Amino acid sequence: MKQFCLSLMLLFTLGVQAQESSALNTQIEDLKKQVISLNRDLYLLEEDLLFPASTQVAVYLDMDAGQYFRIDAVELHLDDKLVASHLYTQRQANALVRGGVQKLYLGNLARGEHKLTAYFVGIGPHQREYKRAVSTSFTKQDDPKALQIHIRDDASKQQPEFLFEEL
Amino acid sequence: MNMRLVVILLLAIAQSSGGRAADQPPGWGEVLYEYFQGNHFEALTQLEIAAHRQQLDPSAAQPALLRGRLSMQFGLYSQAEAIFKQQLDHLDKPTLQAAVYIQLANLYEQLGDLEAARTALTNVAENQVAGLNAEQQDKYWYLVASLQIQGGTLIDIRRFPVNALSREYLNYNLAMMEADRGETQNAVARLQSMLKVRPNSEDAGFFSRVGDWVSGGWFSADEQQINTEEQASLKDRQWLTLGYLLQSLGRHQDAINAYQQVRQDSVDTQAAMLAWGWAAAERGEFQLALSIWQLLAQQPVYQHESYEAPLAVAYAYEKLNAPRQALTALNQASRQYSEWINRLQAERVQLYQSDFFQPYVQTWQQGQSTPEDVLSPVLMPLLTDDLFSQQVAQLADLQQADQRVLYALQQLTMFEQLIDERQQSAQQRGEALAHNNLLQTLPTLQQQRDGLQTQLDTVEHQQDALALLNDDGQALLQRIGKADTRLSAIEQQMPDADSYRARIRRLHGILLWQAEVDYASNLWAGKRNLQALDSLLASGQTRLGSIYQAMDRRAHFDAQRARITGLRSGLLLAQQTQQRLQDKLLARMQQAADVLLIETEQQLQRYRRQAQIAIVRLQDETLRKQQAIKPEGARDEG
């Protein structure tokens with residue numbers, strides 16, 4: 001009888017512990033969700049405050065390449081002024097090749113005509129060092145401006161090609 | 001392993017929905033950019049932002065499934081489960097459904113809900129498995145086999161690739177199951193068969209590089225290193241288990257051979273050394289056993305088996321008929337156990353300090369192995385405990401969340417300062433505008449322009465060419481008018497006034513003629529200038545509108561401040577929750593560690609008692625021997 005009571009108590013204790021553990025896990029999950037949601041709000045607030053729509057300009061980069069170009073670094077110049085530069089880790093370069101899009105630059109710009117130049121460094125065809133500069137002009141109006149640089153493999157020329165697109 | 005399945009599933013979905021991520025809005029691509037780097041928190045945040053901006057199709061399966069997988073990887077299991085279940089109602093492609101069911105089963109297995117995992121897998125038909133890619137099939141069969149083994153069912157292991165690590169795990173679990181059932185011979189045969197297969201890191205099957213779809217490979221060199229280490233550790237455990245089983249069958253030499261295969265720097269080394277000593281002792285090779293146990297006794301303790309070493313050394317001495325050395329070893333052992341017990345008691349006090357586990361959590365976050373100065377060797381057995389590992393992971397997550405909250409609070413302070421500065425400069429601008437009366441300038445200019453338009457219309461209506469003369473022409477016209485007025489005043493006194501008047505008329509005629517000639521072009525130029533003035537005024541009007549808008553925006557400062565206040569209270573609440581949960585979690589970890597320390601202390605006390613009893617026994621035996629010798633000596637003297 002005594003053993004039975006002890007076993008019952010042990011089972012009860014284990015049950016309570018399992019319930020407590022489950023409740024704690026749920027609370028931790030809730031906190032994580034809350035932190036993600038707060039981080040999103042912070043990000044949106046930051047963008048609204050620091051980069052208002054009337055002056056906002058964003059530059060994105062994506063790659064559909066891999067055979068003729070492997071990115072190592074990029075420098076971005078706006079109106080001949082360096083505004084962003086990035087050295088890529090292997091993971092970042094892989095993430096780009098797999099379909100990721102990198103927000104290369106987010107900043108403010110006055111209305112009017114502007115020139116954007118991107119300098120790319122990497123490994124080109126035949127595993128040789130490859131450097132390339134590409135430029136485009138665009139007009140900034142009162143709405144947010146977004147440009148995307150696409151890097152593609154050009155099989156006909158066996159070279160990478162760099163294209164600008166206004167989004 | 002999970003990550004790879006997820007990537008494959010994602011790619012399958014991407015292919016089925018047609019189109020690269022780069023063809024989607026940048027928001028989606030940004031999610032993928034973070035996801036493919038393994039930044040789950042950032043990817044989830046980007047996903048939330050993209051959804052908030054309505055950049056993602058809410059009915060599309062791809063973002064929802066990615067959210068589910070990211071949630072799972074970030075430890076949001078209930079959210080992941082809900083998403084997968086919801087998607088299963090919408091997906092109509094059988095292979096995709098099968099892949100999601102496998103994912104769901106994987107989730108349940110991780111949560112330890114084996115029944116739910118089995119139920120999820122029953123929804124995957126064999127013919128659907130054939131439609132999945134090799135990695136997904138591998139995962140499916142691994143889950144099926146693993147669940148069967150955990151349910152106590154023997155399975156056929158042959159469908160797994162020969163060198164796959166998953167196969168080795170399953171096989172090992174099968175051997176353990178056979179050993180538990182008392183089928184020791186079968187377990188030995190299975191382990192021996194496994195250990196003939198040499199690890200091959202270049203073709204490690206389940207953990208090998210993913211196929212051709214990634215030119216650079218998903219795993220980095222570091223990860224390859226981890227997998228190779230994992231394989232080697234598994235081999236060590238297999239050799240140790242084989243040794244134990246062989247020893248239980250009385251095959252001591254075979255057991256020794258197995259123990260010798262365990263690496264010197266393995267987590268199983270000390271257990272293997274102790275067992276090796278016992279196997280040698282069983283064979284009567286006490287000298288060998290002694291040297292191994294002495295070596296073990298000199299090493300810092302990483303496994304609880306090692307606590308036995310000092311006693312074992314004394315035992316070996318005794319068996320080698322060296323009672324003095326045995327007594328010395330036992331005295332040393334007793335002192336050693338007392339020292340360890342004191343250290344454990346000190347450890348129990350330190351355990352309840354809030355930062356006790358901090359260095360370990362940090363090395364865990366960095367993915368490093370745990371050196372002895374980070375976590376006390378006596379607590380090392382906790383590292384192999386699933387619940388403790390889960391708690392450490394949760395503690396690390398909570399601490400990261402805390403860091404993010406702290407960073408966010410700093411950002412908010414900075415934003416508040418920014419808004420203050422902007423509000424101040426906006427106020428100054430407003431005051432400057434009011435002072436300079438700049439805002440009234442444009443209406444005045446507009447009035448002037450309207451006057452010019454009226455003049456031009458009148459001129460055009462009256463065909464008054466002279467009105468359109470340029471500045472020189474107007475000056476000449478004025479001079480002619482003046483000359484005419486003066487002539488009229490002195491006409492009576494001038495004898496040749498007529499000729500002067502004729503000259504003036506002629507000059508006026510010439511001027512009029514020139515004006516008539518230039519009338520059309522002058523009128524056109526006037527209209528053109530007016531038009532240019534119009535566009536300038538329109539542009540000015542637009543700018544003025546922007547200025548008014550900007551001035552209106554001052555009212556948004558309050559809205560922005562309200563957002564900051566809301567966010568700050570949310571963050572402070574999260575901070576409090578985090579602290580409360582961290583305290584709870586720490587209390588549980590401390591409790592688990594304390595239980596281990598108490599058990600270890602009890603074990604050490606038992607060893608110390610054994611040592612003390614053995615000391616008494618040996619002293620007693622020595623005394624009896626001396627007493628047995630003395631009478632003989634006395635007889636000799638007599």
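Between chain A and chain B, 13 residue pairs are in polar contact, with both members at pLDDT 80 or more; a polar contact is a pair of N or O atoms within 3.5 Å, where within protein one atom must be able to donate a hydrogen and the other to accept it, and where residues adjacent in sequence count only if both atoms are side-chain atoms. The model is predicted, so local features need pLDDT of at least 70 and side-chain atom pairs count only at pLDDT 80 or more, whereas totals for chains, interfaces and linings use all residues. Residues are numbered from 1 along each chain as its sequence is written, chains are lettered from A and ligands numbered from 1 in the order in which they are written, and side-chain values use heavy atoms, with hydrogens and water left out.

On the side of chain A that touches chain B, the elements giving two or more residues are helix 1 (2-50), strand 1 (56-64), helix 2 (90-97) and strand 4 (101-108) of chain A. Helices (H or I, at least four residues) and strands (E, at least two) are DSSP runs, numbered from the N terminus. Helix 1 of chain A supplies the largest share of this side, 26 residues. By class, the side comprises 20 nonpolar, 13 polar and 14 charged residues, where Ala, Val, Leu, Ile, Met, Phe, Trp, Tyr, Cys and Pro count as nonpolar, Asp, Glu, Lys and Arg as charged, and the others, Gly among them, as polar.

The contact (heavy atoms within 4.5 Å) takes 47 residues from chain A and 59 residues from chain B. The area buried between the two chains is about 5200 Å², and carbon and sulfur atoms give 61% of it; buried area is the accessible area (1.4 Å probe) that two parts lose on being put together, summed over both. In chain A, the residues that lose the most area to chain B are Lys32(A), Leu49(A) and Arg98(A), together 15% of what that side buries.

Side chains of opposite charge can pair when their charged atoms come close. Over all chains, the structure holds 31 salt bridges, each defined as a side-chain nitrogen of Lys or Arg within 4 Å of a carboxyl oxygen of Asp or Glu. Four salt bridges are counted between chain A and chain B. In one of the salt bridges, the side chains of Arg40(A) and Glu48(B) meet at 3.7 Å, N to O. Arg40(A) lies in helix 1 of chain A and Glu48(B) in helix 3 of chain B, so this pair joins two chains. Both Arg40(A) and Glu48(B) are buried, buried meaning under 20% relative accessible area, exposed over 50% and partly exposed in between (1.4 Å probe, protein chains only). A second pair, Arg53(B) and Glu47(A), meets at 2.5 Å, N to O. Because Arg53(B) lies in the loop between helix 3 and helix 4 of chain B and Glu47(A) in helix 1 of chain A, this pair also joins two chains. Arg53(B) is partly exposed at 31% relative accessibility, while Glu47(A) is buried at 9%.

Within chain B, Glu318(B) forms a salt bridge with Arg617(B), the closest N and O atoms being 2.8 Å apart. Glu318(B) lies in helix 16 (residues 309-319) and Arg617(B) in helix 23 (residues 556-637), so the pair ties together parts that are 299 residues apart in sequence.

Chain B has 23 helices and zero strands, and buried residues make up 43% of its 638 residues. Among its contacts between residues at least 6 apart in sequence, 67% join residues at least 24 apart. Helix 3 of chain B has 13 residues and reaches 18 Å from its first C-alpha to its last, close to the 18 Å expected (1.5 Å times one less than the number of residues). This helix is mostly covered, with 10 of its 13 residues buried, including Phe41(B), Leu44(B) and Ile49(B).

The loop between helix 2 (26-36) and helix 3 (40-52) of chain B contains Gln37(B), which is buried at 10% relative accessible area. Apart from its neighbours within four places in sequence, Gln37(B) is in contact with Arg91(A), Gln92(A) and Ala95(A). Gln54(B), in the loop between helix 3 and helix 4 (61-73) of chain B, has a positive phi near 55° and is exposed at 70% relative accessibility. In chain A, His126(A) has a positive phi near 60°; His126(A) lies in the loop between strand 5 (112-123) and strand 6 (129-140) and is exposed at 66% relative accessibility.
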